[in-house]
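Here is a note for a colleague who is opening this structure for the first time. Please read the points below with the sequence and the model side by side.

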Amino acid sequence: MASSGVPFGTSGVRGLAAAMTDKLCHAYATAFLQYLRQIGEFSTGDRVALAGDLRTSTPRILAACTTAVRDCGGQIVFCGLTPTPALAFHAMGSGIPSIMVTGSHIPADRNGIKFYRPHGEVLKSDEAGIVGQRVVIDPARFGNDDSLLAPVALPEVTPVEDEYIARYVRHFGADALAGLTIGVYQHTAVGRDVLVRAIEALGATAVPFGRETVFVPVDTEAIREEDIALAAHWAAENKVDAIISTDGDSDRPLVADASGTWLRGDIVGLLCARAVGADVAVTPVSSNTVLELSGAVPKVVRTRIGSPYVIRAMMDAAEADPAARVCGYEANGGFLLGSAVDDMAPLPTRDALLPIIAVLMNAKHRPLAEVVAELPPRFTFSDRVADFPQDHSAALIAFLSHGPEDEQLARIARLFGEIAGFPTGIDTTDGYRMTFADGAILHFRPSGNAPELRCYSEAETEAKARDLNARALAHVLADVVPEAVAFRAAHR
């Protein structure tokens, strides 16, 4: 880990594909299975489900993980190139561990591996047990560049997508979306054909757009200007009730209204939470506060950013009230179902299909834009600075959080007063989140998956949230980070 520069992060590992050598991926998969063996969730002869996304580096990493599973005495259930939630649904239903090779939404030159225990994602409490494993690898198996010397044949594909789609057809009904025309932005999402099949199975007419062969890093939390323009263009050229899409491994949804305006992921999550009749909704601090203001859910729990934190809080809520309907969602729109909803079993991992369907159900009765317009006027926006040095991120957070609260508020007023007004509150649950007198919010957080600095903003209009974000990021890069780096150097 130390020498590769590919650390263990949220639910698994991510890094440059070139750094994720066959030997390293083999080691990580081996460590995961050794840990499961220690806690009694894997034995020689057990099955392990495996799947991947459409990145060019994925087949190579799948081969390395396949070799690791076999070397550990496991049997591969190869589910092909399929959505992460489809893999997870199959594996959890079968009570077996699973491994997903995907970089999700990050650029094409990167990739990752997600690990699932037999009944859900690995949590933060599992991390030390995995990374603490002593892994012994046969050096004769790898070349000087740490690549596998012998070719690896993947088993025949065990299809899992039909059962995944059937879960929602069974719950919502085969005519749930009848009469709707839905555009499907396919790009290089691994679930691009699953989306078409699913909404057609629910009675809608699908109109596919934008299928690509070169990987497109669609980030549902920081939507690219290209994707904003494409959706508006497709909506103008085609009569559709909505446009839908996902990120690369199809566990985070994108939904646009009939005009091609993308809904924020946390609005999609709120609408889904309301649709399933949730009693408790768990969501990170970065999600829109419209959840509380709308009263859509009786109880709201806020966590750090990352599905393991959301899942842990969902588990705690379900344990506290076994009769409660518990769900979770992230600002990226990924929805986690922590409790059964009628005939729909829990799926406590990010899912894109459930929130997409739940939101589209609204479009049967009136335009989605009207549904969103009825919510309290709170708008979020997020952006990121790519290739941002991690030590600069650490310096920024240390600088902002230095000293008692009154000292921090005075510093915020000096640094951001002209941009956001008078500061009234600080939240350091994850990163550094500032609330201002008019209700505006600025939140800086280093990414846990890549060398990036993320900035989240919230305000009473979309234009103000965007403007606040842009001005704050520009100011941080030009003035605050240099001051923070100098401050940290002086206080070491």
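**Notes on the predicted model**

1. Among contacts (heavy atoms within 4.5 Å) between residues at least 6 apart in sequence, 68% join residues at least 24 apart. This is a predicted model, in which local features need pLDDT of at least 70 and side-chain atom pairs count only at pLDDT 80 or more, while totals for chains, interfaces and linings use all residues. Residues are numbered from 1 along each chain as its sequence is written, and side-chain values use heavy atoms, with hydrogens and water left out.

2. On the overall form, the protein has a radius of gyration of 22 Å, which agrees with the value near 23 Å that a compact globule of 492 residues would have; the radius is taken over C-alpha atoms, and the globule rule is 2.2 Å times the number of residues to the power 0.38. The C-alpha trace spans about 65 × 60 × 45 Å along its principal axes. The protein contains 15 helices and 21 strands, which are DSSP runs numbered from the N terminus (helices H or I, at least four residues; strands E, at least two).

3. On burial, 56% of the 492 residues count as buried, where buried means under 20% relative accessible area, exposed means over 50%, and partly exposed lies in between (1.4 Å probe, protein chains only). The protein exposes about 18700 Å², and carbon and sulfur atoms supply 53% of that area, as computed by the Shrake-Rupley method with a 1.4 Å probe.

4. Helix H3, residues 84–94, is mostly covered, with 9 of its 11 residues buried; among them are Leu87, Phe89 and Met92. Ala86, which is found in H3, counts as buried because its relative accessibility is 0%. When residues up to four places away in sequence are not counted, Ala86 touches Val160 and Tyr164. Just after H3, Gly95 takes a positive phi of about 70°.

5. Which residues other than glycine deserve a look for a positive phi? Most residues other than glycine have a negative phi. Ser104, however, has a positive phi of about 60°, and its place is in the loop between strand E5 (98–101) and strand E6 (110–117). Asp387 has a positive phi of about 55° and is found in the loop between strand E17 (379–385) and H13. Ser104 counts as buried at 0% relative accessibility, whereas Asp387 is exposed, with a relative accessible area of 64%.

6. Helix H13 (residues 390–400) and helix H15 (residues 462–490) pack at an angle of about 80°, with their axes 8 Å apart; axes are lines fitted to C-alpha atoms, for helices over the stretch in contact, and angles run from 0 to 180 degrees between N-to-C directions. That angle makes H13 roughly perpendicular to H15, a label that covers 65 to 115 degrees. The residues of this contact divide into 10 nonpolar, 1 polar and 3 charged, and they include Leu396 and Phe399 in H13, which are among those that meet H15 residues such as Val480 and Phe487. Here Ala, Val, Leu, Ile, Met, Phe, Trp, Tyr, Cys and Pro count as nonpolar, Asp, Glu, Lys and Arg as charged, and the others, Gly among them, as polar.

7. Glu330 is found in the loop between strand E14 (326–329) and strand E15 (335–337), and at 3% relative accessibility it counts as buried. Leaving aside neighbours within four places in sequence, Glu330 is in contact with several residues, including Asp266, Thr283, Ser307 and Arg350. The C-alpha atoms of Glu330 and Ser286 are separated by 8.1 Å, although the two residues are 44 apart along the chain.

Technical notes: Angles under 35 degrees count as roughly parallel, over 145 as roughly antiparallel, 65 to 115 as roughly perpendicular and the rest as oblique.
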